[in-house]
Each structure stands twice: as structure tokens, then as C-alpha cells.
Amino acid sequence: MERGRAYTRLNTLLQHLGGSSAGTVTAHPTSGAVSSAKFQPQQFQYTRDNNVLSLEQRQFYEENGFLVIKNLVSDADIERFRVQFERICREEVKPLGLMLMRDVSVGKSEYVPSEKTVSKVQNFQEDKELFRYCTLPEILKYVECFTGPNIMAMHTMLINKPPDTGKKTSRHPLHQDLHYFPFRPSNNIVCAWTAMEHIDRKNGCLVVFPGTHKGPLKLHDYPQWEGGVNLMFHGIQDYDKNNTRVYVTMEKGDTVFFHPLLIHGSGRNKTEGFRKAISCHFAASDCKYIDVKGTSQEKIEKEVLDLTHKFYGLEGGSLKDVWTWKGRLVKGERISL
């Protein structure tokens with residue numbers, strides 16, 4: 001009964017904002033600013049007072065933990081990011097600190113860096129061309145609605161989801177991004193995730209569980225998948241399978257902003273092409289680091305430190321040290337991150 005009412009409420013809201021159903025969300029344009037005088041600040045927990053989001057958009061994010069803005073990033077910028085990704089894959093440029101990842105279905109002996117073997121580039125904060133994404137005024141305008149005016153770019157990725165080989169390794173298990181982050185509060189963190197082409201269920205769009213950003217950080221570990229699991233692809237071990245799932249269909253340039261506690265993942269890429277998206281996790285620069293020792297994040301700390309040693313030869317340190325090294329100020333003043 002309760003689930004049915006929740007589904008009806010979500011359906012009504014999605015249709016009001018331009019979506020078709022609770023099963024699929026399509027991006028909707030910003031519908032104009034609403035005067036801050038009309039807001040009731042006490043009812044908003046996950047967004048800041050601003051003159052960018054409409055009241056409907058703000059309420060949607062508060063209730064659901066994500067918001068899609070249509071056609072936010074230009075075709076020209078996306079093409080530049082695509083060209084730079086291809087240059088990186090061909091090793092024409094080697095930005096400091098950049099991490100190239102391959103799908104687990106590609107054996108070590110088969111791996112030669114190319115657009116067809118690199119499934120993700122991470123930590124592109126030293127690549128001026130890709131890092132432009134994190135400084136685009138149209139992105140930061142919305143980020144500030146969630147973080148406030150002092151903004152750090154903390155985690156950068158360009159995802160090149162490969163066609164699935166049949167082993168289902170192109171899936172990304174359901175997870176919460178906060179699992180990877182040793183800084184808080186979670187409400188001052190947001191991800192911007194931009195489609196670099198049309199994305200739907202066929203090529204592995206994002207799937208989200210609306211409203212789960214209001215819950216706690218859950219236990220994560222590698223899922224027991226027969227075909228193998230990609231490095232660092234931790235998944236939630238226990239979640240409510242009755243949660244409403246929303247598959248987020250997007251066009252090139254559409255950008256989804258979402259909360260780090262929102263449960264999300266992505267399915268297999270069932271097409272012949274590679275599905276690309278570029279993203280950055282932003283945080284308010286006055287967020288504070290926490291010690292993850294003795295918490296559910298202790299395991300991921302060890303894995304990140306082992307990976308840092310493998311890729312960069314760095315020994316010792318903590319999860320805080322890694323994130324301090326990766327973080328870059330993109331607007332305002334750097335305070336504590």
C-alpha cells in the first residue's frame with residue numbers, strides 16, 4: 001500500500017516536471033528562477049538558497065536526491081573532451097596523476113591503451129583540457145546550489161563504458177558514492193555527471209533509487225558476480241529490492257546532479273558502441289576530513305592506498321592524504337579540504 005502511494009507521488013511529480021513515468025526519467029530544462037522570498041528555508045535540507053533552481057526543481061532534488069538539467073554542456077565542449085580522451089588513450093599526452101582503467105574482461109596480456117581498451121580515466125585534475133569541465137560556469141552555477149560559494153573539485157572521471165562481452169562486467173553495482181569519501185557533511189557534496197552522447201537502458205544509463213539520499217551510508221563490498229567485477233566497483237550488500245528504480249535517459253550535454261548517499265548504478269552496455277560520460281564530485285571547501293579507521297570505510301581506505309602505491313609508488317599515508325592531493329579549488333576560498 002505504502003509503496004503504491006510512493007510510486008503514485010513520484011509518477012505525478014515526474015510528469016509535472018516533464019518525465020514520462022517512474023520507470024524512465026528524461027531530462028527537463030530549467031524552468032526559470034523563483035524569487036528567494038518565496039522559499040521557506042527551514043524546509044530545505046539538501047539545497048542552498050539560490051536564484052538558479054526553480055522552486056519545483058529544488059523540491060524535486062530535496063525529495064529524490066537527483067536533478068537532471070537538459071542541454072547544459074555544449075556540443076563543442078563535449079567534442080573537445082572526446083578528442084582529448086582519444087589523445088590520452090593513444091598516449092599522445094600523459095597528464096600527471098592520471099589513472100587509466102580497463103574492464104576486467106580485458107586480460108593484462110591483451111591490454112594496449114586505446115579507446116577500445118580504456119574503460120575509464122580517473123584523476124584528470126592535472127589535464128587542463130579535461131579539467132575545464134570542472135570549471136565550466138554553467139556547471140558551477142548549479143553546483144553552488146548544493147555546496148555554497150566555496151567549491152572544491154574532488155574526484156574526476158571520464159567513463160567509457162565498453163560493449164559488454166557477455167560476462168556482464170560492464171555493469172556497475174548499486175552503490176553510494178559517499179562510501180569512497182573521507183569528508184563530511186554529505187549534504188555539502190554533489191556529483192555532476194554529463195552525458196557525452198545519447199544514453200538509455202540499451203547502453204547502460206544510470207539507474208537511481210529516488211529518496212535514498214535521506215538514509216544512512218550502507219555496507220559495501222565486491223558483489224559475487226560470476227563474470228568478475230571491475231576494480232573498486234564496490235556494491236551495497238543489503239538494500240530494499242522493493243525500492244522504486246528510475247532509469248535516467250539522457251541526451252548529449254544533459255547533466256544530472258546527485259547526492260552522494262543516493263543509491264545508484266548502471267546496467268550492461270548492450271550496444272556495439274562505447275558509452276561516454278564525464279563527471280566530477282564537488283564539495284564545499286569547508287567540509288571536514290574524518291578518520292575512517294574502525295568504520296565501514298576502512299576496507300576501501302586500504303584498497304585506495306594499495307592502488308595509490310601501485311600506480312604512483314607512494315607508500316604510507318591515509319585516505320585523507322590521497323583526497324587532499326586530488327582536490328582542486330574551482331571557486332571561492334579553500335578552507336579546510
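Val73 sits in the loop that runs between strand E2 (66-69) and helix H3 (75-89). In this predicted model, Val73 counts as buried, at 1% relative accessibility. The structure holds 12 salt bridges. A search of the whole structure finds 0 disulfides.

**Val73 and its surroundings**
- Val73 and Asp254 are 181 residues apart along the chain, yet their C-alpha atoms are separated by 6.8 Å.
- Neighbours within four places in sequence aside, the contacts of Val73 include Gly253 and Thr255.
- Val73 is also in contact with Ile78, Tyr133, Leu136, Ile139 and Thr194, under that same exclusion of close sequence neighbours.

**Cysteines**
- Cys191 has a relative accessible area of 2%, so Cys191 is buried.
- Cys89 is buried as well, with a relative accessible area of 1%.

**Salt bridge Arg58 to Asp49**
- The side chains of Arg58 and Asp49 meet in a salt bridge, at 2.9 Å from N to O.
- Are the two partners buried or exposed? Arg58 counts as buried, at 1% relative accessibility.
- Asp49 counts as partly exposed, at 47%.

**Salt bridge Glu144 to Lys331**
- Glu144 forms a salt bridge with Lys331, and their closest N and O atoms are 2.6 Å apart.
- Glu144 lies in helix H5 (residues 137-147) and Lys331 in strand E17 (residues 328-331), so this pair ties together parts that are 187 residues apart in sequence.
- Glu144 is partly exposed, with a relative accessible area of 24%.
- Lys331 is partly exposed too, with a relative accessible area of 35%.

**Salt bridge Glu301 to Lys293**
- Glu301 and Lys293 meet through their side chains in a salt bridge, at 2.9 Å from N to O.
- Glu301 is buried, with a relative accessible area of 5%.
- Lys293 is partly exposed, with a relative accessible area of 49%.

**Salt-bridge network**
- Which residues are linked in a network of salt bridges? Asp77, Arg80, Glu129 and Arg132 are.

Conventions. Residues numbered from 1 in each chain as written. Predicted model: local features only at pLDDT ≥ 70, side-chain atom pairs only at ≥ 80, totals over all residues. Heavy atoms only, no water. Helix = DSSP H or I, 4+ residues; strand = E, 2+ residues; numbered from the N terminus. Buried < 20%, exposed > 50% of the residue type's maximum accessible area, 1.4 Å probe, protein only. Contact = heavy atoms within 4.5 Å. Disulfide = S-S within 2.5 Å. Salt bridge = Lys/Arg side-chain N within 4 Å of Asp/Glu carboxyl O.
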